[in-house]
Amino acid sequence: MLFNSLEFAIFLPLVFLLYWFVFDYAMKRCPKQLLWQNLFVVVASYVFYGWWDWRFLILIAFTSFCSWGSGLLIDKSLKPKLWLTLNIVINLLILGIFKYFNFFVDSFCDLFGLTNTIVIKIILPVGISFYTFQALSYSIDVYRKKIVPTKDVVAFFAYVSFFPQLVAGPIERATNLLPQFEKKRVFDYAEAVDGMRRILWGLFKKIVVADNCATYVDQVWNNYQNECGSTLALAAILFAFQIYGDFSGYSDIAIGSAKLFGIRLRDNFLTPYFSRNMAEFWKRWHISLNTWFVDYVYIPLGGSREGRWKTIRNTFVIFLLSGLWHGANWTYVTWGLYHALLFVPLILLGRTKAYQGTATWKQIPQILLTFILVVIGWIIFRAPSIVDAWGYICGMMKHWGIPNIISPTYMLPMPFLMLVFIILEWKHRNQQHGLDIPQLVLWKRWLVYIGIFVLIYTFGATAETFIYFQF
């Protein structure tokens, strides 16, 4: 079930009404009201997830049960490390089989010049990387004594499967999300209203920005060998806005939807394209995944406490793992390697700390340089193969001229739409989202909302799946 689909437009209000005005009212005198409230969240989340394929439910239920059980065993056992290791192995084995089995077999055969006769047709469960990491963080935090294991299996299943952030994050920590399911939620009108604003902003990012950029980007990539350098450069820039609008748009809709149910999720993006160096970019892009790798891989390896060369080693480890996390293709690993290499000068110069505060007009040159470096990385990320990535980058260096518009009817409004998007992002870079505008009087706020609605209706492209669903 896509956030930008008619099904979700019916599903979300229906669940909201049942959650607050029907189910909650009926359960007010029930001594186990919280249990039933969480059970309803689990059922709604499983309906949402099973909409793609009911078989996915077996896998997420098994992952949830193993991680919940491991938490109890870690807490009570004389050998907690054994149960932690077992849970990690089970979860990573499931992830490896469903996401990486054919990739590793193909790579092994290519390395030794063998013919691959073992090909398994496996359906990749939507969002498996996201909920696997979320489940793993719980058992690791229990082992580290950062959280007390819960005996409430229903609350834990709600934590792992909560539908707004289930398939594409943010990747929540048990220390933040699980306690919210262990206490009764109370409807907050102000939070719900802000949630609706954030959903609207997320839909604008996805439907107007990302999907319209995708139309041009896909056409160029399908025939990039025959396009001029300026066309390839334009498509590369538009893909940067596509993936940002797509992924951060999903996060906005997820965070906004969660607020409707009295749940607060952490921010996943903080205007990353206004970053002034790569360190700041990675502090602002896909925050939940980056902090996960820092807390559970980088710091246990020694972080930056053991000298520059080990810091460089640890940086390469987390970026290569991050690349592999994104998908079973060498392009993702190369993309991670590229960003690790960009970090080396910052480490050697001692500039890995992100800038404090938000960017100013005087720092536009630094922002543009950082953006160009990021765009080059997105070419590697988007390419079907490393050969295609290199061919595309080389193609940008030659035959510059007027970019191929492809479709004048489609391309003419794009500069206007992108300008609206960039201005709103820049103007509200200190706020949580582009429509966080409480300072405006009521009629001006509604004028902005109606304007966004009109843009979504007028320039809405065909409903496209979210890019990060494949991860």
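**Entry 1: the model**

I am working from a predicted model. I number residues from 1 along the chain.

**Entry 2: cavities**

I looked up the volume of the largest cavity and got about 130 Å³. Its lining holds 16 residues. Nearest the centre of the largest cavity I find Phe269, Thr271, Glu425, Gln432 and His433.

Next I asked which elements give two or more residues to this lining. They are helix H8 (189–222), helix H9 (229–260) and helix H17 (414–427). H8 gives the most, with 3 residues. I also sorted the lining of the largest cavity by residue class. It divides into 5 nonpolar, 6 polar and 5 charged residues.

**Entry 3: the second largest cavity**

I moved on to the second largest cavity, with about 40 Å³ of space. Which residues line it? I noted Thr271, Phe274, Ser275, Arg276, Glu280, Arg284, Thr358, Ala359 and Arg429. By class, I have 2 nonpolar, 3 polar and 4 charged residues in this lining.

**Entry 4: arginine 276**

I find Arg276 in the loop between H9 and helix H10 (278–284). Is Arg276 buried or exposed? Its relative accessible area is 4%, so I log Arg276 as buried, the cut-off being under 20%.

I then checked for a side-chain partner. The side chains of Arg276 and Gln363 are joined by a polar contact of 3.0 Å. Leaving out residues up to four places away in sequence, I list the contacts of Arg276 as Arg284, Tyr355, Gln356, Gly357, Thr358, Ala359, Gln363, Gln366, Ile367 and Thr370.

**Entry 5: the nonpolar core**

Last, I looked up the largest nonpolar core. It has 142 residues. Those with the most contacts inside it are Phe204, Tyr273, Trp285, Trp378 and Tyr392. H9 gives the most to this core, with 17 residues.

I followed up Phe204. What does Phe204 touch, beyond residues up to four places away in sequence? I wrote down Val209, Val420, Phe421, Ile452, Leu455 and Ile456.

Technical notes: Predicted model: local features only at pLDDT ≥ 70, side-chain atom pairs only at ≥ 80, totals over all residues. Heavy atoms only, no water. 1 Å grid on protein atoms, 1.4 Å probe; cavity = no way out; pocket = protein on both sides within 12 Å on 5 of 7 lines; lining within 4 Å. Points joined across faces, edges and corners; volume = space filled by probe spheres on them. Helix = DSSP H or I, 4+ residues; strand = E, 2+ residues; numbered from the N terminus. Nonpolar A, V, L, I, M, F, W, Y, C, P; charged D, E, K, R; others polar. Core = buried A, V, L, I, M, F, W, Y, C linked by side-chain atoms within 4.5 Å. Buried < 20%, exposed > 50% of the residue type's maximum accessible area, 1.4 Å probe, protein only. Contact = heavy atoms within 4.5 Å. Polar contact = N/O pair within 3.5 Å; in protein donor to acceptor, adjacent residues only side chain to side chain.
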